[in-house]
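Open your viewer and get ready to select a few residues one by one.

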Amino acid sequence: MKFYIIGDVTVDHLYHLERLPEPGEEVTPQQASMKPGGAGGTMSVTLARLGHAVTLAARVGDDPFAEYALSRVRECGVSESAIQRDPRLITSTITVMQTSGGERAMISDGAANRQLDPAGFRKKDLDGADALIINAYALIEGPQREYSLAAIEAARGTKTPVPVFIDLGTGAVNKAGTTLLNDVIAADYLMLNQHELQALTGTSSISAALAQLGQAGAQRVVVKVGKMGSITWTPDDTELVDAYRPSGKVVDSTGAGDTFTAVFAHAILAGASMGGAARAANAAGALAATGVGAQERPIAHEDLAAIVPELAAAAPAAPTPAPKTTRSRKTPASS
């Protein structure tokens with residue numbers, strides 16, 4: 001299968017703390033690490049490891065962090081043909097502070113990612129694609145939003161329409177609120193968590209929010225509900241899909257939602273039902289959280305086939321050889 005992905009690539013600074021610091025307080029982390037991350041990067045790496053051909057559209061700075069942010073993407077053979085270089089802004093970074101009790105605070109800088117130049121998008125990039133996946137941060141502002149909207153329009157306009165998967169993010173919904181609804185409602189598959197669902201619709205319950213999405217024209221929605229698992233919804237059916245409990249210890253939830261989205265799309269294209277795809281995605285997100293860093297714990301075909309019988313017959317493709325490292329295209333900084 002061929003996937004075209006629009007989303008951020010970042011350098012993640014991860015700090016595991018006993019508790020989040022008070023204003024003005026200095027604390028020492030129990031563990032600190034730096035890892036490649038970003039929704040676009042993590043989804044791309046996950047799908048490439050499952051044997052798919054993946055093209056990632058993102059923008060990085062002309063700085064050393066860019067090489068690190070893209071290091072796992074390159075290692076996994078993801079195409080960099082749609083990666084842009086920004087001569088002015090730095091590569092995006094995220095600082096994540098989290099406690100063993102589940103509290104988390106983040107500092108996120110969209111930086112070069114938000115300047116993804118729509119002039120660099122070519123309709124032929126979607127030729128032969130089996131799916132387009134977009135993280136909602138790419139729909140919030142700047143040239144990156146225009147790029148994403150152009151890609152969605154192109155996906156709809158191909159001879160055989162390309163299915164569009166859109167995954168929301170808490171920061172994106174908090175910033176855009178209900179105005180984001182118009183951009184995402186026509187997605188073939190819309191994925192979000194409970195907080196994002198209620199913020200997107202301005203409602204106070206899951207049932208009311210799903211009813212509103214249905215009235216607005218949504219066709220397929222997946223709601224991530226944490227320790228309860230996930231909920232799949234269509235106008236005709238609603239199903240609670242139980243969470244997966246990994247044997248390993250959950251140590252870092254960074255990127256687990258992005259892994260969920262990638263594996264859900266993988267399973268749908270492999271022929272699984274929405275419920276089966278959600279079971280596979282629940283497992284993938286949980287397994288990803290057993291490693292420190294969004295892209296550390298590989299998700300293999302064997303992981304999924306053992307949990308979802310529908311995927312047992314989907315033989316993995318041969319690994320794609322990593323291309324020779326080349327400098328990405330440098331495009332002017334957008335104003």
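Select helix α7, residues 194–201, and show its side chains: the buried ones are Glu196, Leu197, Gln198, Leu200 and Thr201. Here "buried" means under 20% relative accessible area, while exposed means over 50% and partly exposed lies in between (1.4 Å probe, protein chains only). Helices (H or I, at least four residues) and strands (E, at least two) are DSSP runs, numbered from the N terminus. This is a predicted model, in which local features need pLDDT of at least 70 and side-chain atom pairs count only at pLDDT 80 or more, whereas totals for chains, interfaces and linings use all residues. Residues are numbered from 1 along each chain as its sequence is written, and side-chain values use heavy atoms, with hydrogens and water left out.

Now zoom in on the start of α7, where a side-chain oxygen of Asn193 comes to within 3.1 Å of the backbone nitrogen of His195. This is a polar contact (a pair of N or O atoms within 3.5 Å; within protein, one must be able to donate a hydrogen and the other to accept it, and residues adjacent in sequence count only if both atoms are side-chain atoms). After α7 comes Gly202, with a positive phi near 70°.

Next, select Ala111, in the loop between β7 (104–109) and β8 (131–135). Its phi is also positive, near 40°, and Ala111 is a residue other than glycine. Is Ala111 buried or exposed? Ala111 counts as buried because its relative accessibility is 14%.

Move on to Ala272, in the loop between α9 (256–269) and α10 (274–288). Ala272 is buried too, with a relative accessible area of 8%. Leaving out residues up to four places away in sequence, Ala272 touches Ala267, Ala277, Glu310 and Leu311.

Finally, zoom out to the protein chain, which has 11 helices and 14 strands. Its C-alpha trace spans about 55 × 50 × 40 Å along its principal axes. Of its 335 residues, 55% are buried. Among contacts between residues at least 6 apart in sequence, 70% join residues at least 24 apart.

Definitions and conventions:
Contact = heavy atoms within 4.5 Å.
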